[in-house]
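Colleague: Before I rely on the terms used for this model, I would like to see each one set against its definition. Shall we go through them in turn?

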Amino acid sequence: MDLILVNLIDGLVTGLLLFMLSAGLTLIFSMMGVLNFAHASFYMLGAYFAYQVSVYLGFWMGLLIAPPAVGLVGAMIERYGLRRVHQYGHVPELIFTFGLALLIEEAVQFIWGKDQIAYNIPEVLQFTAFSIAGNSIPAYKVFMIFISVAIFLALLFVLTRTRVGMIIQAALSYPRTVEALGHNVPLIFMGVFGVGTGLAGVAGVIAGPVLSTFPGMAVVLGSIVFVTIVIGGLGSLWGALVASLLIGWITTFAKSYNLRMEDLLTGIGFSRPEPIWDSAWADLWTLTSPQIADILPYLLMILILAFRPYGLFGKRDV
Amino acid sequence: MTEPDQKHTPPPARTPVRARPAPVTLANALPWILGGLFLLAMPFIFQSNSAITIMNQMAITIIFALSYNMLLGQGGMLSFGHAVYMGVGGFLCVHIMNWGDVFALMPLPVLPVFGGVFGMGLALIVGSFSTRKAGTIFAMISLGVGELIAACSVIIVAFFGGEEGISGDRTYGLPFFGVEFLHQIEVYYLTAFWLMLSALLMFLFSRTPIGRMANAVRDNPERAEFLGYSARWVRFYSFVAAGFFAGIAGGLFAINYEILTEENLNLATSGQILLVTFLGGVGFFFGPILGAILFTLLQTVLSLQTEIWQLYVGVLFLATVMYFPGGLAGVLMMHALPLRLGQAGLLVGPYIRTLVPAVVCALGAASAMEILFHLRHAALGESEMTLFWITFDSHAPLPLAIAAVAAVAGFWLARRSAPAMAEAWHKASTPHGGAA
Amino acid sequence: MTATPGPPPALEIAGLKKSFGKAEIIRGVDLSIGAGERHAVIGPNGAGKSTLFNLITGRFPPSSGAIRLHGHDISGKAPFEINRMGLSRSFQITNIFPRMTVFENVRCSLLWAQGYRYSFWHMVNRSRDLNEGAEDILEQINLTERRDLPAGVLSYAEQRALEIGITIAGGANVIMLDEPTAGMSHSETDYIVNLIEKVTENKTLVMVEHDMGVVFGLADRISVLVYGEIIATGRPEEVRSNPKVQEAYLGAALEAEH
């Protein structure tokens, strides 16, 4: 029971982190029709920027400065890169963001090198918040949950209570009408891209110290973020939230409970071949849930796309 | 798409003579004959083993890129998981190599067929649900399937060999007219043969009804449906054919390197072939060939010169997407009309005035990058570096300043004369532009 | 010309309804069009003419009702299935293959009809029937000189002509044209009307059209669609004098013409 609680908290942290990325990605997609392949690269930039600031001004200034800086970079890329490609259609846009992901990774290596950098949890937060049956929950995890929830609430507030939020919501439901209402669409696009990438930046700032900050961190998370918004339904913020938490919990639980295929197979009446390593089915028999934890989201996505292309909460076709 | 052979059909004027079934004319066959002769002659020009290795790698990349372009360029399907089909084809071929009894009865040149069939088999399964839509949904499914299979490589150890992959020995096959493929040059001719055959088959595929309809579905799937064709099945058949040729490339990879690992399946490899194909140009059949040659050269030659070659490739790729969506082939074909009109001469002056400063700018910028990179990442106390055969102190401000000035000045000059170049191009592309 | 007894009508629609959400756009349409007839569907904007076309050609599935092509039920079938049964359509907004050449556009429209299906063992350049067929169509639509240009660079009127060429190329015997003269000048309209007359000879033609000159010049019979219902069907003069039609729609249009 206690272990379940610990896993719930761990899964929540992962899920909320994913949500900060997927929220921005789904916002950008809904508004602009662009699936930003480089989204996780902005998450990486967030971590690196925050590290660079923290070297001089400490962690908290990093948290304050890095996300807007990432957002600014995102907005500039939209203004001077993506907007140009927009005229060619969505597939070239996707190719552009793919190239962007490559380039950002190379640029990060150019500036900060190929190795992991020493971006660490601030000392104020290096203590155990509480413990559950001997499993200590570090304060930083609580902090991450706190920040994620705060961001989520702020996003909710902006989207439902402000004028800009109304326009964005209108664009989510009726993509083509916003322009007809006389809004400066290119500016809105640039803003949404900036805010979306800025959100990814926040995720990078707070995840960098625990998930380690290195040039491959974007690749590690990149595909999963894509998968999340496809499962949740493209364009649906609630879908992104549910799918993020779902993936967070599924992977956490699959990793911490060592469910073995062997038990399942003997349970339904098969007998274990001996010796196991000579059997043609050895890989199947020795399969365990931690092994497949990381591919579960992909399996889920393929099932969703094959049977329910709108995703869990989506209204629009991909 | 411009079809090179169409201008050979007689113009249907008032005469009763209309388009005849085009026979295989010399003009049609010439590029293939030249290509074949070129492939035969190459080992005599570049004799070193490393050169032959590079050429083999090039040939495999060409087949793979052509196969990829069956999806992206011909069929309008953007895939982020094409490496998987090449990979599984390659894995199967290594398994066959290790299956002594069977392999001993099989001449090595036949092996890629099995890779092709296996790649096609996987494409049959995946294509059955992924080709329902093109565009974003296809891209997403291809990514998901790609990541899934790449991740499976550490789980299904029996087939993928886990983290170390699987390896085999090509020389255990049945000798082929006495050739046991011990030498690199023998493998070269095997690879070159398959390159010619696959390229020709893929070219011919683009000339079949299904190949033509692939273009139609790419351009306008809805209209194609109102012409009696199911867009989904047209995509499906292209996808399966692309899977076959990717598998062939995988088989050749297995023969050349005798080892396959997770790297042959993952997103990085899939992304790389997208990059190669797009750099070469997706709009023309020969585009991916150019892309594969260019990229392999960058990968093998440039990577020896600089550590940050991938950064340059990334910049080149983004610039291509932004400014030359037709890729290298597109840029070359922009000159077909001026050449045909006999007005290409108009371009020489403006080109020199723009491209020379542009090259200076690129070299200056690259030098600045190299100096900065050295400054930041060289071992402590090592401040000497060599660039363009000049050795200097990377910590001194002067070299960096020179590079920066060259970059800025080159940029300024190129930008100033760019409009004149564009104008010259328009003039050269208009009939009698020179006379007017 | 009215539907003849004996062979089933070329196109027969019974009790056809279509709703999008709560809005019922087609509210019970019955229509019978005989083989060889030239039938025009007219009506004010928003009457549901294009929706009716889209239902018949399989772009949307109907909510209820039956559509029969030569007596075979086609409601709910996919567009490509309906096309293979001999019905072909054009589009109001030009719908061609912009990156392919004009010749290639036409040739692709011939492929299925000539039985090539999903063949990967024929070479399109080597089939005499295919290429001559395509040249024939090009000649009929007067685009022979443009054959090697990408279709996307043609002028608007030329693209409309190509649109019709693509539609008739497959040899379908029921041709549906959605506003073939939309956005055209007078001379261009005359050109397209002549073209339509020429290429639909001995075929069944169903068209949506706003230009009353074209409608009364071409059609054997006219149906008037208002708010998703057909309020009148008949010969042009019958429809012209029908008071319900005049009230709903025609009167204003005719007055404007004088």
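**Terms against values**

Modeller: Take strand 7 (residues 174–178) of chain C: five of its five residues are buried, so the strand is largely enclosed by the rest of the structure. This is a predicted model, in which local features need pLDDT of at least 70, side-chain atom pairs count only at pLDDT 80 or more, and totals for chains, interfaces and linings use all residues. Residues are numbered from 1 along each chain as its sequence is written, and chains are lettered from A and ligands numbered from 1 in the order in which they are written.

Colleague: What makes a residue buried?

Modeller: Buried means 20 or more other C-beta atoms within 10 Å of its own; 12 or fewer is exposed, in between is partly exposed, and C-beta atoms are placed from the backbone. Both faces of strand 7 of chain C pass. Val174(C), Met176(C) and Asp178(C) are buried on one side, Ile175(C) and Leu177(C) on the other.

Colleague: Why is this called a strand?

Modeller: Because DSSP assigns a run of E there; a strand needs at least two residues, a helix (H or I) at least four, and both are numbered from the N terminus. By that count chain C has nine helices and 10 strands.

Colleague: How do you know which strands pair with strand 7 of chain C?

Modeller: Pairing takes at least two DSSP bridges between two strands. Strand 6 (residues 87–89) of chain C has three bridges to strand 7 of chain C, in the parallel sense. There, Leu87(C) stands opposite Val174(C). Strand 8 (residues 204–208) of chain C is joined to strand 7 by five bridges, also parallel. In that pair Met176(C) faces Val206(C).

Colleague: What hand does the crossover from strand 7 to strand 8 of chain C have?

Modeller: This β-α-β crossover is right-handed, passing through helix 6 (residues 186–199) of chain C. The test: with the strands pointing away from the viewer, the path from the first strand over the helix to the second runs clockwise.

Colleague: Why is chain C called compact?

Modeller: Its radius of gyration is 19 Å, close to the 18 Å from the globule rule for 258 residues, so chain C is as compact as a globular protein of that length. The radius is taken over C-alpha atoms, and the rule is 2.2 Å times the number of residues to the power 0.38. Buried residues make up 45% of chain C.

Colleague: What makes two residues a contact?

Modeller: Their C-beta atoms, placed from the backbone, lie within 7 Å. On that basis 40 residues of chain A touch 35 of chain B. Helix 4 (90–112) of chain A gives the most to the chain A side, with 14 residues.

Colleague: How do the residues on that side of chain A divide by class?

Modeller: Into 30 nonpolar, six polar and four charged. Nonpolar covers Ala, Val, Leu, Ile, Met, Phe, Trp, Tyr, Cys and Pro; charged covers Asp, Glu, Lys and Arg; the others, Gly among them, are polar.

Colleague: How confident is the predictor in chain C?

Modeller: Chain C averages a pLDDT of 88, with 94% of residues at 70 or above. pLDDT is the predictor's confidence in each residue, from 0 to 100. The model scores ipTM 0.89 and pTM 0.90.
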